[in-house]
Amino acid sequence: MLLAGDVFAGPGRGGRRGVTVGALYHHYGDKKGLFAAVVEQVDAQLVQAAMAASQGVIAKGGGAWDAFLASIDTVLQAGTNAPMRRLMLVDAPAVLGAQVWGDIRQRQGLGAMRGSIAAIQANGIFQGHDAERLARIVLGALYGGMDSLPNDEAGVQDALADTRQCLVVMLEGLRNKDALA
């Protein structure tokens, strides 16, 4: 992941990766553009990790429901990283504004959740619900779960387990009990 500390060696100088401040502004427009690129990359990496967890369950013969829960677990686990959580849940919406942050969410997290919901609906799970609406509700609950995690290392694992249990119970309530997946 590209972070500002990886790029800048100091004001007006070439960075450790040979990138000047002028070149960054030419490519990203301004600091806000650079920040948006970093946020998009972090969100894309989180989506990739969640998809990899889901695909790993399927590759081992697991069903669509367990694969979905594996992706949820991956996102929640990422939420134990307090700086990343602050970046994605506090700083990004505040700095980028609702429109830009919403556009990034559409391309990344919400887009991936929409795909996950559609995939499990194809397996008979979450039938009778609008996929777009359900994706927004599930992602909102997931973000809320991440936001509920403490910043201190001491209590984060217990809070993570409790948060996961709450989310799974809520999701189970939406699940079509006749679905085998």
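Which residues do ring pairs link into a cluster? In this predicted model, the answer is Trp65, Phe68 and Phe126.

The protein is built from eight helices and has zero strands, so its elements simply read α-α-α-α-α-α-α-α from the N terminus on. Of the 181 residues, 37% are buried. Counting contacts between residues at least 6 apart in sequence, 66% bring together residues at least 24 apart. The protein exposes about 9700 Å², with carbon and sulfur atoms supplying 56% of that area.

Back to the rings. The structure holds three aromatic pairs. One of them joins Trp65 and Phe68 in a tilted arrangement, with 5.9 Å centre to centre and 35° between the planes. These two sit three residues apart in helix 4, which puts about one helical turn between them. In general, an α-helix has 3.6 residues a turn, so residues three or four places apart point the same way. Both Trp65 and Phe68 are buried.

Phe68 also pairs with Phe126, this time edge-to-face: the centres are again 5.9 Å apart, but the planes make an angle of 90°. This pair links distant parts of the chain, since Phe68 belongs to helix 4 while Phe126 lies in the loop between helix 6 and helix 7, 58 residues apart. Both partners are well under the 20% cut-off for burial: Phe68 has a relative accessible area of 3%, and Phe126 comes in at 0%.

At the start of the helix, a side-chain oxygen of Asp130 comes to within 3.3 Å of the backbone nitrogen of Glu132.

Helix 7 has a clear inside and outside. Its buried residues are Leu134, Ala135, Val138, Leu139, Leu142, Tyr143, Gly145 and Met146. Viewed down the helix axis, they fall within an arc of 165°, so they line one face of helix 7. The face turned away from this buried side carries the exposed residues Arg133, Ile137 and Asp147. As for partners, the buried residues of helix 7 pack against helix 4 (64–78), helix 5 (82–107), helix 6 (109–122) and helix 8 (153–174). Helix 4 thus turns up in both parts of the picture: it holds Trp65 and Phe68, and the buried residues of helix 7 pack against it.

Notes
Residues are numbered from 1 along each chain as its sequence is written. This is a predicted model: local features need pLDDT of at least 70, side-chain atom pairs count only at pLDDT 80 or more; totals for chains, interfaces and linings use all residues. Side-chain values use heavy atoms; hydrogens and water are left out. Helices (H or I, at least four residues) and strands (E, at least two) are DSSP runs, numbered from the N terminus. Buried means under 20% relative accessible area, exposed over 50%, partly exposed in between (1.4 Å probe, protein chains only). Contact means heavy atoms within 4.5 Å. Accessible areas come from the Shrake-Rupley method with a 1.4 Å probe; for residues, only the protein chains shown count as cover. The arc is that of the directions from the helix axis to the C-beta atoms. A polar contact is a pair of N or O atoms within 3.5 Å; within protein, one must be able to donate a hydrogen and the other to accept it, and residues adjacent in sequence count only if both atoms are side-chain atoms. Rings of Phe, Tyr and Trp (its six-membered ring) pair if their centres lie within 6.5 Å; planes under 30 degrees apart count as stacked, over 60 as edge-to-face and the rest as tilted.
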